[in-house]
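Welcome! Have a look at the sequence and the 3D structure, and keep both at hand while you read the notes below.

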Amino acid sequence: MLYSVGTEPTRLVSVPIGGGMRLHYHNLHSLLVNRHWHIVKRHITIRKLANALSCLVHYWMRREIVASRPLYVKVETTDCCNLRCEHCHDGTVTRRNDFLDFSMYTSVVDQYSRYLLEVSLFDQGEPLLDPLIVDYVRYASSCNIGTVISTNLSMTLSDEQLSQLVTSGLDYIQVAIDGVTQATYEQYRVGGDLDLVLFNLRRLIATRRRLGSRTPLIEWQMLDFAFNRAEQERASELAAELGADRFMIKPDSHSALLSPAGYSRQVKCILLWVSFAVESDGAVSACLVKDGDSLYVGDLRETSIQDIWNSPAFAKLRRCSGRACSEHPCRECNWFAGRAKTSPENRATTAR
């Protein structure tokens, strides 16, 4: 597959950009090797490895009811946000402006702590607006579960907040910066202040260095748009100059990677066998990347996560995945359907 960077199409590879850092193009190999493996390897155990193999067996056998437990959970601690990015305000995202009940989160972690490899603590909202975000991270870390958050960093943060974030046990932080000039940056990150973001990024890196911590690994993530391609090279150079660990160019998945007309998914999706997502109101979705009531499989306000994991709704989604089912909500989705297998050369390297 080709991926457009600048005016010339480029293979999905990692490219040296100086300072020991490499520019990574967003695909399945990059996600697994460059991002998630560095989290997982710190928290893997024999039990978790055995469970991962069990997940794969159930996936290959198309089991609807599974004995394996999830490997990965996405938890939206809040759907509040300080920006007005295009996708989140185009009418496709419903905002409740609420915060997840912390006890719902701990019930999920307690149930699967011996099996979970990673918890991501973000979705549609800005996690640093949640006053309990450090508690979320610490709770998972105390259970030997990896953690990752994604933030816009366009807010006032005290030195104490940054220190708590670094010492919380957080494994990985993605910072969303889609330009190196305010005019370009704010075309998508509406309401964001680029100078404030870069100021906070410098302070975060300095705080980690001052505390002598190896974590969290810090990634500058840049969505790929036609309007910011002229600034991508400079952004990668600036990321290296500031001391970030990784620079990732990510396709704008809500427009650039829409499935073509007439597309029908023929490949079953492994996500239904290894993960689920919890929204800030306690609703549980079978999918980490797509929204919609058709993927709703339960509610933590009414049902335990153990019962939801093998509920009739979840089992039905697994049964129809990858088959010619006109009613299946995944039929038009092309995520992880072979598209990301085109870059075996994209291997992990770090700036440190």
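**Starting from one loop**

Leu83 sits in the loop between strand S5 (72-75) and helix H3 (102-112); helices (H or I, at least four residues) and strands (E, at least two) are DSSP runs, numbered from the N terminus. This is a predicted model, in which local features need pLDDT of at least 70 and side-chain atom pairs count only at pLDDT 80 or more, while totals for chains, interfaces and linings use all residues. Residues are numbered from 1 along each chain as its sequence is written, and side-chain values use heavy atoms, with hydrogens and water left out.

**More on Leu83**

- Leu83 is buried, with a relative accessible area of 3%; buried means under 20% relative accessible area, exposed over 50%, and partly exposed in between (1.4 Å probe, protein chains only).
- The C-alpha atoms of Leu83 and Ser154 are separated by 8.3 Å, although these residues are 71 apart along the chain.

**The whole chain**

- You can find 11 helices and 13 strands in the chain.
- The chain has 352 residues, and 54% of them count as buried.
- Among contacts between residues at least 6 apart in sequence, 73% join residues at least 24 apart; a contact means heavy atoms within 4.5 Å.
- The chain exposes about 15,300 Å², with carbon and sulfur atoms supplying 53% of it; such areas come from the Shrake-Rupley method with a 1.4 Å probe, and for residues only the protein chains shown count as cover.

**The nonpolar core**

- A nonpolar core is a set of buried Ala, Val, Leu, Ile, Met, Phe, Trp, Tyr and Cys residues joined through side-chain atoms within 4.5 Å.
- In the largest nonpolar core, with 75 residues, Tyr105, Leu121, Ile177, Leu201, Trp220 and Phe276 touch the most other members.
- Helix H7 (residues 194-210) gives this core its largest share, six residues.
- As background, nonpolar side chains tend to be buried together in soluble globular proteins.

**Helix H4 and its covered side**

- Which residues of helix H4 (residues 133-142) are buried? They are Ile133, Val134, Tyr136, Val137 and Ala140.
- These residues cover an arc of only 160 degrees around the axis, so they lie on the same side of H4; the arc is that of the directions from the helix axis to the C-beta atoms.
- The cover over the buried residues of H4 includes H3, strand S7 (146-151) and helix H5 (159-167).
- After H4 comes Asn144, whose phi is positive, near 60 degrees.

**Cysteines**

- A disulfide is a pair of cysteine sulfur atoms within 2.5 Å, and by this rule the count comes to zero.
- The sulfur of Cys80 has its closest cysteine sulfur in Cys81, 8.9 Å away, which is too far for a bond.
- Cys80 counts as buried at 15% relative accessibility, whereas Cys81 is partly exposed at 29%.

**Salt bridges**

- A search of the whole structure finds nine salt bridges; each is a side-chain nitrogen of Lys or Arg within 4 Å of a carboxyl oxygen of Asp or Glu.
- Arg229 and Asp224 meet in one of them (2.8 Å, N to O); Arg229 is partly exposed at 25%, and Asp224 is buried at 6%.
- Arg234 pairs with Glu237 in a salt bridge, the closest N and O atoms being 3.6 Å apart, and both lie in helix H8 (residues 232-242), three residues apart, about one turn of the helix.
- Arg234 also forms a salt bridge with Glu241, with the closest N and O atoms 2.9 Å apart.
- Shared partners join Arg234, Glu237 and Glu241 into one network of salt bridges.
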